[in-house]
Amino acid sequence: MIQRTRGEKIFNVFNYIILILIGVTTLYPLLYTFSMSVSTKLAAESGGLHILPTWGQITLDPYKLVFQNVEIWRAYGYTIFRTVVGTVGAVLVTCFYGYALSRPNLIWKKFFVGYITFTMLFSGGQIPIYLNIRDLGLINSVWVYILPMLISAYNTVVARSFFAGIPEALNESAKIDGAGEFRTFFQIIVPLSKPIIMTLALWIAVAHWNAWFDSMMYITDQKKIVVQQYIQRIVNESATERITDLGAAENAAANLTSETVKSGSIMVTIIPILCFYPFVQKFFIKGVTLGAVKG
Amino acid sequence: MKKSAVIVSDAYLPKKKTLATRLKTNLPLLLMILPGFLALLFFHYKPIYGLLIAFKNYKFKLGVFGSPWAANNGMEHFIRLFGGNEFAGVLGNTLWISLLRMVFGWPSPIILALLLNEIRCGWFKKLTQTLTYIPHFFSWVVLAGIFRMMFSSVGPVNSLLGVFGFEPIPFYSNNTAFLVLLISTAVWQALGSSAVVYIAALSGVDESLYEAAYIDGASKWKQVLHITLPSIMGTITTVTIMNLANVLNAGFDQVYNMYNYSVYDVSDILDTYSLRLLADGRYEIGAALSFFKSFVGMIFVLGSNWFIKKISKDEYGIL
């Protein structure tokens, strides 16, 4: 057992203090938003840190207002659609490409590797991408949420390096038993690759859940926007009227401020993430080591 | 005997496969490549081809290829872009923000990983890691919304400052205060998720190295300097090269959601400028801007990769 010197003990105390402070900076914004989202007008307009809701000044009115709103539910629907369909599609396309690259007998391998690696180095940029989406006729099409995110170089490289680590003997024995590449992939490789598939699925799902830029750029029909874009309008363009106007008469009596409504709307989009997070965190951390990309 | 053996083996040697047979045996794999190939072709390579309009006078009816070349050997739009009265300021803001992000954002996750590495209490380590990772899962739409309330003139941060007798800080209208807010929240958001790579690398370090160093009388600081840091050097260089690709990305998602007119002078960046060009229908100049951004990014990645390979004698590098 290594004994600690006096200096190390002092360092250790400071270390704990620093890390606790860092932890607090991530916890506090969440507590603040939550506490605002359940505050009455009186509580919200009083100063203070709002670490916890003031007892006796708690109301669910902001949530009632948010949930009454048809627009936010519709936007939620598009977010769920893109997250589910987009993730399934992207995982499949990424794993196909990565698996093919991991096979030693693939024809024109150098080309296919270069073809995807180059996309990490150079891209068309905002305006050519916009014009391309427009030329493809995808403006106001929900497929604009799905198709451009089907494959990314980094994810493919991670998948490839995982598949390359699976012993070749498994492939060969499957082949001897008469299985083709697709059957080998789905029946032998996929069951062995659950960790990487989970990791990729979560990375992609979070990217879909949080995406807003494509909705702002390519969707002009306000009935097809995703929930992040909706929040962007409410919160950052200070268009709280979008919500409050809907029930103006009721709101006069209700216990609302624009801050509590914003907080409620934000909570509604982050609660699903916070619920999932403890269960899936290990996959995110594992993914880093799984995808230890070399070369 | 020997001769016949040669003949026999020759007859049974597989013939050199023709392209057709190779394609046939590769058909399933090529089918697997196909969806990804097409997705990249239509959503990545086609826009790169579309960059051609930076050198042309784009006419929608004639298409990218058919449009006539721009004046000055096709460089007209670049001349107008670089000579325009907005470009220098926007480029300066971008470089300044991304430089500050790198200077503060590069060492912070390494320091966090080193600090966490010294913690012996398992649950505390895990809890801290879990908490610091959370902001990574929130979009900048949400984070900017929370900050706008927290750092507003009547928000909790300013009321806390008031308790200690400070004047309220106008985070969203003072240039310097806004920059400090922008950089610190950017570093904060990426802190936990960037540290994970280093934490993983650190957990792979052989514990006996530290014991040996301790027996030889190396202080804690010497151990960090001579064991811990060298063992994560490869990870550090990889991350550095990847970061350099972003030299002209000042974090569009964040800036766009956080800035406002009163801090335009310091926060209008290449990407927000590009968005304005798009809205104004000035596609060619916008494409010239996109080309410039991608080109510089590529040069930085290739250059830093080459440089790091050279000084490390091919030990580190990503390509």
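Reader: Which residues in H7(B) do A:Leu19, A:Ile22, A:Gly23, A:Thr26 and A:Leu27 in H1(A) meet?
Author: Heads up, this is a predicted model: local features need pLDDT of at least 70, side-chain atom pairs count only at pLDDT 80 or more, and totals for chains, interfaces and linings use all residues. Residues are numbered from 1 along each chain as its sequence is written, while chains are lettered from A and ligands numbered from 1 in the order written. Helices are DSSP runs (H or I, at least four residues), numbered from the N terminus, and contact puts C-beta atoms, placed from the backbone, within 7 Å. On the H7(B) side, those five meet B:Thr128, B:Leu131 and B:Thr132.

Reader: How do H1(A) and H7(B) lie, roughly parallel or oblique?
Author: H1(A) covers residues 6-37 of chain A, and its axis comes within 8 Å of the H7(B) axis. The two axes, lines fitted to C-alpha atoms over the stretch in contact, cross at roughly 40 degrees. Under 35 degrees would be roughly parallel, over 145 roughly antiparallel and 65 to 115 roughly perpendicular, with the rest oblique. So H1(A) is, relative to H7(B), oblique.

Reader: Which helix gives the largest share of the side of chain B that touches chain A?
Author: The contact takes 65 residues from chain B and 69 from chain A. Helices giving two or more residues to chain B's side include H2 (19-50), H7 (122-133) and H10 (175-203). With 18 residues, the largest share comes from H2(B).

Reader: How many helices does chain B have?
Author: Strands don't come into it, as chain B has 0 of them. The helix count is 17.

Definitions and conventions. Two residues are in contact if their C-beta atoms, placed from the backbone, lie within 7 Å. Axes are lines fitted to C-alpha atoms, for helices over the stretch in contact, and angles run from 0 to 180 degrees between N-to-C directions.
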